[in-house]
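Hi everyone, thanks for coming. Today I'd like to walk you through a structure step by step, so please have a look at it while I talk.

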Amino acid sequence: MIAIIPAATLHGVDGRSVSVEVHVGPGLPGFAVVGLPDAACRESRDRVRAALLSSEFKWPNRKVTVNLAPSGVRKGGAGLDLAIAIGLLVADSQLGAGLVRDHAFIGELGLDGSVRAVPGLLAQVDALTTTAVVVPREGFAEASLVGRHTVRGVTSLSELVAALRGEVPWPVPPLTPDAAATEHGPDLADVRGQRVGRWAVEVAAAGNHHLLLIGPPGAGKTMLAARLPGLLPALGTREAMETTRIHSAAGLALPASGLIERPPFRAPHHSASMVSVVGGGSASMRPGEVSLATNGVLMLDEMGEFPATVLDALRQPLEEGVVRISRARSTVVFPARFLLVGAMNPCPCGEGGPPGSCRCSDTARARYARRLSGPLLDRFDLRVPITRPDVFELLGAEMGERSEAVAGRVAAAREMAGARGVVGNAQLTLAQLERVAPVTKGALRVFEYRLRQGGLSARGLHRVRRVARTLADLAGCDGPLDEAHVCAALELRADPSGLQSAA
Amino acid sequence: MSAALPDQAWLAALAHLPGMWPTRLAAVLDLARGEAGAGPPPPGRAAAEAWERILNGRVMLDPRVRARCGHEPDLVWRQWRTAALESDVARLWQVYRAAAVELHVLGGPGYPACLTADPRPPYLLCSAGSLEALDGPRAAIVGTRRCTTMGREIAAQFGRELAEAGIRVVSGLALGIDGAAHAGALSAHAAPPVGVVAAGLDRPYPARHRRLWQTVALQGVLMSEAPLGTETAPWRFPARNRILAAVADVVVVVESHRTGGSMITADQALGRGVPVLAVPGPIRSVASAGTNHLLREGAPPACDVEDILVALSLDRSARTPTPTLFDTRGGETRPAVHNEVLSALDWTPTSVEVVLGRTGRPLPDVAAALAALEMAGLVRGGAGWWERAGPSASASPAPTVGE
């Protein structure tokens, strides 16, 4: 007899529906899985058999063939275990075919018959068209986010079969905690001093400007960057779903509510490999750090220590908002729209300080600065030198502004940007820029002076205008840019001594 | 074949032999001169003669040459001979001709007179340009490569004003102070510049000063102890500084760290009785630690070009009044925030962070004030550091920003 059970598999961050066809018929007793399963998938034979026996079902002593259709698509992971087990029970007439009609099953089986969580549940459920979906109990909240299905969370195979037969009621879904209770992360008030740094993170958050922090070790670069997500507004429904889907596909822990509502913060160590940052892999296509940081912040601490290939691989995502990973077997597109925060030391000795005071030679500084390629450096609208806070500031009782207050201004500025049709001013096109960021006469004179001096290029000019627009928005001023905003934007783009061509 | 080539060609060939250090070259040439004629050195044949002796091995019969050749003189000679047999003297000479580089040997014709009396004169000197540039008062302006903006400006200003006063500016053409001094001197289009470098004259170092080297050779003279094709090596810089000190009539150290090449130049100059002047700097600036040390040791300060002219005994009679450093002109007409920002700035680089802290004003106000003050020539900066600018910086008229 034959049974066909709908299930799904993961491809990148997208789900693909799969039909699990189970045939139990005459022949030498055996169990074969066909249809391009990967190693984990092929091993499901042993898990399913043990789970059936532990759950006190009969093992058919006949020829069992499982086909995963469409058979041209590679299937990975253990998420098809549950569908294969149910299919077997139906094909062996231990379970009525009518009871599983319009049900899809996703879950990994333990040898004792327990049902375990699988990565990428959100994307897989999204790919299903059945009315009801049975998932592991841990994944109930995540699977419910799709909202089109009746979701059943189960803990074991025997419980599932009993519920399908109507012998016991479906288990009560776990309580989802209130979303409002989620933590916002560290507060900006913890940062002492760092007035320029505070301006920089506020502008970065308000305008989606990529930020490069340059300063000696221990100055507070990482501290500032870690507070950036707290300044960003909560994710909208679409962004939240997108980020959740990516995190789920990568197998990362999700919050109890199942939905990631705060912008993520990712900070890979500088020993990270190219694949771990960009995504990919040989067996399964896993999203990399750039994708995990989608709609949030990607921080690269000690940016100069990252391999040049990894840094240059960031250029496509920064430009297009996606990464296209191509392998011999398949090509996947991962979303990768993030706010990049880089941190590095001003020079090899790390101390920097006022011009002429550091002990690094000019050549050493130039070599250090070359680790960031020009095109990458150019993506940073904000390049800010960070100095160590004064002793008095560290010990002083004066607290800085709280994240909440700053986040309020940021939200208002982002709303103004939203009215122009962009998420942040960093995304303004040249044509839009001409329309929404006119400059006053005074500001024009400042530009003229800097251009004549040679400290500003034509491309730099537009970037400065975008930042100036954000500064004006933060001040609640919608009119043309005056010299204060332009000068502040120029100050926030101060190329630290190591990074300008030394002469 | 040897007859067709001038003696300078053989001299170049000798200098290019491996292990032919200045002391050995001196011994080999002295030997050739001594035997060719008992009297004064014969003009024009000594180097060719020495070459012959190296080929036929007679050079090693001389005890003075042997004494200079270490423990195994014969090994050294075999190296010389192998290299001499392989070398193409005519082609090498072509390279020198093409580069317009002349060779001078101590005591020979054309050797600069100011170096002859030196306790440790360079035995061989390569020059590009005209050695006549040395005829006249010469002031060396030296300093650190890691200089401050202020130091660079002072060097350029001294260079320009000295050249205008007819003083030949001498420096090592290195990055930082040296380069700035010569850039200033060249901008005056007056007295010819003199560059003393450590590498071969066809190997500009640092590479980005290639243009500067060419200009100096064109308008003045460029000198080096090293034959063409020699790359720099750490030991060559102190050796070069010795020549620098020997050529100069006065040495001005603009900025120097506590240790460094400029301090060696100053030492060398003092050892030769050449006056050393130092530009006073802020006591907290590490780039002025060396110059301030010199001042403490008794070096006269160089606060303007007059001080240098006095040291050269060339004081211009009418001293122009120097504008006071604590210039408060226009203070009443500036908006309050500009004055606040100005008083929050030090005369050494001050970070924007500190200015924000001292004024307690938001970044846009401070940034606008800094830009306006910069255009008015009262401050200078960039890269997140600002400092007040001296009166000389405001010499170039700049547009003022409307309030």
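Predicted model: local features only at pLDDT ≥ 70, side-chain atom pairs only at ≥ 80, totals over all residues.

Let me begin with a question: in which sense do β1(A) and strand β2 of chain A pair, and over how many bridges? The answer is antiparallel, over 10 bridges. Here β2(A) covers residues 14-25.

Chain A has another open sheet to show you. This one is built from three strands in the order β5-β8-β9, and the pairing is parallel. The edge strands are β5 and β9 of chain A, with β9 at 150-154, and each of them pairs on one side only. Neighbouring strands in this sheet are turned by 25° against each other on average, again with direction ignored. To see one pairing, look at β8(A), residues 132-136: five bridges join this strand to β9(A), and the two run parallel. Within that pairing, Val134(A) stands opposite Arg152(A).

A word on confidence before we leave chain A. The average pLDDT of chain A is 86, and 94% of the residues score at least 70. Where in chain A is confidence lowest, and where is it highest? The lowest is helix α17, residues 391-395, at a mean of 72, and the highest is strand β5, residues 103-105, at 95.

Next, the place where the chains meet. In this model, 28 residues of chain A are in contact with 32 residues of chain B. On the chain A side, α7 (195-207), α20 (441-453) and α22 (483-491) each supply at least two residues. The largest share comes from α22(A), with seven residues. Sorted by class, the side of chain A that touches chain B has 14 nonpolar, eight polar and six charged residues.

So, over to chain B, starting with its strands. Is β2(B), residues 124-129, mostly covered or uncovered? It is mostly covered: six of its six residues are buried. β2(B) pairs with β1(B), residues 101-105, in the antiparallel sense over five bridges. Val101(B) has Ala128(B) as its bridge partner there. β2(B) also pairs with β6(B), residues 221-224, in the antiparallel sense over four bridges.

Now two helices. At 1.5 Å a residue, the 16 residues of α8(B), residues 149-164, should span 22 Å, and the end C-alpha atoms are 23 Å apart, which agrees. This helix is mostly covered too, with 13 of its 16 residues buried. After α8(B) comes Gly166(B), whose phi is positive, near 85°.

The other helix is α11(B), residues 236-247, with 12 residues. It reaches 17 Å from its first C-alpha to its last, close to the expected 16 Å. Its buried residues include Arg240(B), Ile243(B) and Leu244(B). What do the buried residues of α11(B) pack against? Among their partners in chain B are β3 (138-142), β4 (168-171), β7 and α12 (261-271).

That brings me to my last stop, Val253(B), which lies in strand β7 of chain B, residues 250-253. Why do we call Val253(B) buried? Because 29 other C-beta atoms lie within 10 Å, and the cut-off for buried is 20 or more. Setting aside neighbours within four places in sequence, its contacts include Val142(B), Ala266(B) and Leu294(B). Finally, Val253(B) and Ser288(B) are 35 residues apart in sequence, yet 9.6 Å apart in space, C-alpha to C-alpha.

Notes. Residues numbered from 1 in each chain as written. Chains lettered and ligands numbered in written order. Pairing = 2+ DSSP bridges. Contact = placed C-beta atoms within 7 Å. Nonpolar A, V, L, I, M, F, W, Y, C, P; charged D, E, K, R; others polar. Expected span 1.5 Å × (residues − 1). Buried ≥ 20, exposed ≤ 12 C-beta atoms within 10 Å, placed from the backbone. pLDDT = per-residue confidence, 0-100. Axes fitted to C-alpha atoms, helices over the stretch in contact; angles between N-to-C directions.
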